[in-house]
Amino acid sequence: MQEKLQQLKNEALPAIISVKTAEELESLENKYLGRKNGELTELMKGLKDFNPEEKKNFGQILNEIKKELEESINKKREELNNAGFAEQITKEKIDLSQPCLPKKESGHIHPSSIVQKQLEDLFTSMGFMVLDSSELESDYYNFEAINIPPTHPARESQDTFYIKNHENWLMRTHTSANQVRAMEKYGAPLRMITPGRCFRNESTDARHEHTFYQMEGVVIDKNINFGHMKAVLETVAKNLFGPETKVRLRPKFYPFVEPGVNGEVTCLLCGGKGCSVCKHTGWMEIFGAGMIHPNVLNYGGLDPKVYSGFAFGFGLTRLVMLKYGIDDVRLLQSGDLRFVKQF
Ligand code: DAH
């Protein structure tokens, strides 16, 4: 028996090692370890004919050989698997010189959204919240609560679209409509921007459109002053147009701020020397701003003796036109793919 076992081992191990394919390995496994008629299995079955002493002895040797065969079969199987994988990789290698399939057309971001996102990133980095607000707005928030009562002449320059039979509702004329809503909702301290679409009843031409984008900003806290406002607006201008950009603030009346300013930056095209785009002034107007009027703080439920703040409104559409050199505002909303695809 012992001899038989030794012979089996001497024959099986080299056979397993020299196997070349998975099929050959499987048939060898069957030959020695198969449940039916496997040579080793058969020998194990035959153990019952030996006396207990021999049974124990041979049983032990049989088990050791079985273990050895199994180990060497598993090792070989792994080797063959790896070799197969390597072979597959060489077969499937990518041919970089092959012409690629035509690219499927995908959409892209509208230039107005690109500039809006850039500003949202900057403002969130300075701790501002980005607030959404509805385009359909009440007369109260769009005008009255920001110090533009029904008879105020400032309403004249902001004619808009009213809802038939609901004259207190209108399409907001500016994002300033969200100032008092934000104060009511969040109180003070407050640091927010509201980007979004605005509407005016305009005769359209290259510089006027009935639908356009603005970005409003509000900062309210104790001891906020004009210097804070200037610093924030300068940071924005430099981020948009480069570190050399200068900002000029000149007094301008807006009913919801006191004092109010008109914000200009050095002309992008001529760098301040004067050209046709800046009408030879060297400056381009891009925002309105000011210290929030005490009446507006009151409307927002904040005590103007405790809190102060500033507000600003950027003409986003105007920024987009300046950034990309677009000379007709109507192109932006036209839906004309020949235009939109350029960005
Ligand atoms: N709402 C103004 C407009 O549409 C822009 C503006 C000016 C907003 C001054 C402000 C501000 O917050 O302080 O023309």
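In this predicted model, Arg197 stands opposite Tyr213 in strand 6. Strand 5 and strand 6 pair in the antiparallel sense over 10 bridges, where pairing requires that DSSP finds at least two bridges between two strands, and where helices (H or I, at least four residues) and strands (E, at least two) are DSSP runs numbered from the N terminus. Because the model is predicted, local features need pLDDT of at least 70 and side-chain atom pairs count only at pLDDT 80 or more, whereas totals for chains, interfaces and linings use all residues. Residues are numbered from 1 along each chain as its sequence is written, and side-chain values use heavy atoms, with hydrogens and water left out.

Strand 6 (residues 211-221) also pairs with strand 10 (residues 308-315), in the antiparallel sense and over eight bridges. Along this pairing, Val219 has Phe310 as its bridge partner in strand 10, and Asp221 stands opposite Ser308. These strands belong to an open sheet of seven, ordered 1-5-6-10-9-8-7, with mixed pairing. Its edges are strand 1 (129-130) and strand 7 (247-251), each of which pairs on one side only. Strand 6 is mostly covered, since nine of its 11 residues are buried, that is, under 20% relative accessible area with a 1.4 Å probe and protein chains only (exposed is over 50%, partly exposed in between).

Helix 5 (residues 111-125) lies across strand 1, strand 5 (190-199), strand 6 and strand 10, and runs at about 5 degrees to strand 6; axes are lines fitted to C-alpha atoms, for helices over the stretch in contact, and angles run from 0 to 180 degrees between N-to-C directions. Helix 7 (residues 178-186) packs on the sheet as well, touching strand 1, strand 5, strand 6, strand 9 (283-292) and strand 10, with its direction at about 145 degrees to that of strand 5; contact means heavy atoms within 4.5 Å.

The buried residues of helix 5 include Val115, Leu119 and Phe123, and what covers its buried residues includes strand 1, strand 5, strand 6, helix 8, strand 10 and helix 10. Gly127 follows helix 5 with a positive phi, near 85 degrees. In helix 7, Asn178, Gln179, Val180, Ala182 and Met183 are buried, and the cover over its buried residues includes helix 6 (139-142) and helix 9 (294-299). Just after helix 7, Gly187 takes a positive phi of about 65 degrees.

In soluble globular proteins, nonpolar side chains tend to be buried together. The largest nonpolar core here has 41 residues, of which Leu119, Phe123, Phe312, Phe314 and Leu319 touch the most other members; such a core is a set of buried Ala, Val, Leu, Ile, Met, Phe, Trp, Tyr and Cys residues joined through side-chain atoms within 4.5 Å. Helix 8 gives the most to this core, with seven residues. Phe312 touches, among others, Phe123, Ile193, Met215 and Val232. A second, separate core of 24 residues includes Ala145, Leu170, Tyr254 and Ala311.

Finally, there is an open sheet of three strands in the order 2-4-3, with antiparallel pairing. Strand 2 (136-138) and strand 3 (162-163) are its edges, each pairing on one side only. Strand 2 and strand 4 (residues 166-171) pair over three bridges, and Ser138 stands opposite Trp169 in strand 4.

How values were computed:
Lists of a residue's contacts leave out its neighbours within four places in sequence.
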